[in-house]
Amino acid sequence: MILCLIGSLIAGIYGPWWAPAVFILLLCALMGLTVKQSILTGSISLGLVYLGMALWMSSQDKAAIIEKTGLLLGGLSPVMMLLVTTLIGFITGLLSGWLG
């Protein structure tokens, strides 16, 4: 789990948005985890990484992008936007762990 968190964070910072999912897919495949272990590891680690990166980026945001995007998506608050981002990371990690 720790390796997934660290690797996904590094891939998320230096790569495109899908790089952490590829990292989790490869790591779960190479480690030979069961399907249940892969799904849990992938979803929890990528959900936490997306939440951490969203919190970090929103704290450095001076243009209020999260609030503006929330307005475009039906008036979502910044907290709901963070939850949606975490949910997207959770689902992406779940699918990449499942494929691995």
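The model is predicted: local features need pLDDT of at least 70, side-chain atom pairs count only at pLDDT 80 or more, and totals for chains, interfaces and linings use all residues. Residues are numbered from 1 along each chain as its sequence is written, and side-chain values use heavy atoms, with hydrogens and water left out.

**Helix H2**
- Helix H2 covers residues 19-31 (helices are DSSP runs of H or I, at least four residues, numbered from the N terminus).
- Its 13 residues should span 18 Å, and the end C-alpha atoms are 18 Å apart, which agrees (the expected span is 1.5 Å times one less than the number of residues).
- Ala19, Pro20, Ala21, Ile24, Leu27 and Cys28 are the buried residues of H2 (buried means under 20% relative accessible area, exposed over 50%, partly exposed in between, with a 1.4 Å probe and protein chains only).
- The cover over these buried residues includes helix H1 (2-14), H3 and H5 (contact means heavy atoms within 4.5 Å).
- Just after H2, Gly32 has a positive phi of about 70 degrees.

**Ser96 in helix H5**
- Ser96 belongs to helix H5, residues 78-99.
- With a relative accessible area of 5%, Ser96 is buried.
- Leaving aside residues up to four places away in sequence, Ser96 touches Ala21, Ile24 and Leu25.

**Leu40 in helix H3**
- Leu40 sits in helix H3.
- Leu40 is partly exposed because its relative accessible area is 44%.

Conventions. Helix = DSSP H or I, 4+ residues; strand = E, 2+ residues; numbered from the N terminus.
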